[in-house]
Amino acid sequence: MLDCTFCHIPGVTPQTEEWLWSQGIHTWDDFLAAGDIQLPHINTQHIRRYLWESKEHLAADQPGYFSRKLPANQHWRLFPEFRYSAAYLDIETSPSPYRQGHYITTIALYNGSSTFCYVKGENLREFKEDIQQYKVIVSYNGKTFDVPIIERYLKIKLNHLTHIDLRYVLASLGYTGGLKQCEKRLGIHRQELDGINGRFAIHLWNDYQRHGIPQSLETLLAYNIADVVNLEKLMVIAYNKKLYHTTPFYDELRLDLPTEPEISIKPDPFTIDRIMREHGLYEANPYLYNTNR
């Protein structure tokens with residue numbers, strides 16, 4: 001889709017881009033091979049210069065060039081070309097007892113084939129090195145939550161990464177609210193983890209810290225992993241929906257849904273049930289997961 005994109009060029013509006021498509025100019029090469037194209041308020045040589053520049057940056061595998069020129073709700077266009085240098089990112093946090101804000105308990109990364117987990121007090125610092133191998137991150141609300149907390153807590157900068165925040169892409173399609181709400185509306189179900197949320201994740205972490213119960217940590221990690229694995233599904237669904245609703249290229253460029261990866265870390269239903277009961281969560285929300293129902 002990226003080489004069908006013209007609206008990253010200064011002066012090219014979405015309406016101009018749609019007009020070019022309607023004239024059969026679907027790609028950068030189509031434009032460069034065409035004769036003189038008459039466009040109001042913009043010089044075609046200006047467009048040609050940007051297209052040659054765009055081809056150079058794409059060939060050099062530089063997604064940042066395009067993310068800086070496209071609005072956040074158009075970053076979905078980057079996905080296919082840079083999919084295999086992307087990581088799906090999500091963190092879990094707990095309120096700090098000593099100061100305002102949150103501290104990171106776990107981080108999950110998924111690269112489309114393998115999952116990686118980072119745990120406070122164990123291997124959290126390894127994230128700083130591992131994230132360097134990627135060029136793109138995909139998150140949900142990561143621009144305002146995950147990334148600022150990671151940068152502050154781990155004292156690193158992630159500004160070398162192009163960031164596709166699905167919150168903005170999905171909002172442009174009419175899907176708003178939290179990650180779990182968007183998943184449900186788009187037909188993604190979490191099975192054993194259905195109904196578990198970020199507040200419950202705090203209970204899992206506290207239970208692990210106080211009692212050292214490994215099943216609590218494993219359930220927390222399973223929840224965190226589900227977030228990042230589902231981000232890939234959401235990314236593909238959002239990409240296909242944007243193709244369908246905003247371009248003429250759906251049949252040509254649509255992507256297949258990803259297959260489920262093999263995940264060895266599983267949630268423990270008895271731990272979920274125990275913590276639900278201890279904190280009165282069934283009474284607060286009787287529709288939450290219950291092993292006896």
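A disulfide is counted here when two cysteine sulfur atoms lie within 2.5 Å of each other. Keep in mind that this is a predicted model, where local features need pLDDT of at least 70 and side-chain atom pairs count only at pLDDT 80 or more, while totals for chains, interfaces and linings use all residues. Residues are numbered from 1 along each chain as its sequence is written, and side-chain values use heavy atoms, with hydrogens and water left out.

**View 1. Cys7 and its closest cysteine sulfur.** The structure holds zero disulfides. Look at Cys7: the closest cysteine sulfur belongs to Cys4 and is 11 Å away, so the two are too far apart for a bond.

**View 2. The largest pocket.** A pocket is an open set of points on a 1 Å grid over the protein atoms alone, where a 1.4 Å probe fits, with protein on both sides within 12 Å along at least five of seven lines; its lining residues have an atom within 4 Å of a point. This one holds about 480 Å³ of space, the volume being that filled by probe spheres set on the points. Of its 20 lining residues, Arg190, Gln191, Glu192, Glu260 and Ile263 lie nearest the centre.

**View 3. The second largest pocket.** Here the volume is about 400 Å³. Among the 18 lining residues, Asp90, Tyr140, Phe145, Leu179 and Lys180 lie nearest the centre. The strand β1 (a DSSP run of E, at least two residues) gives the most to this lining, with four residues.
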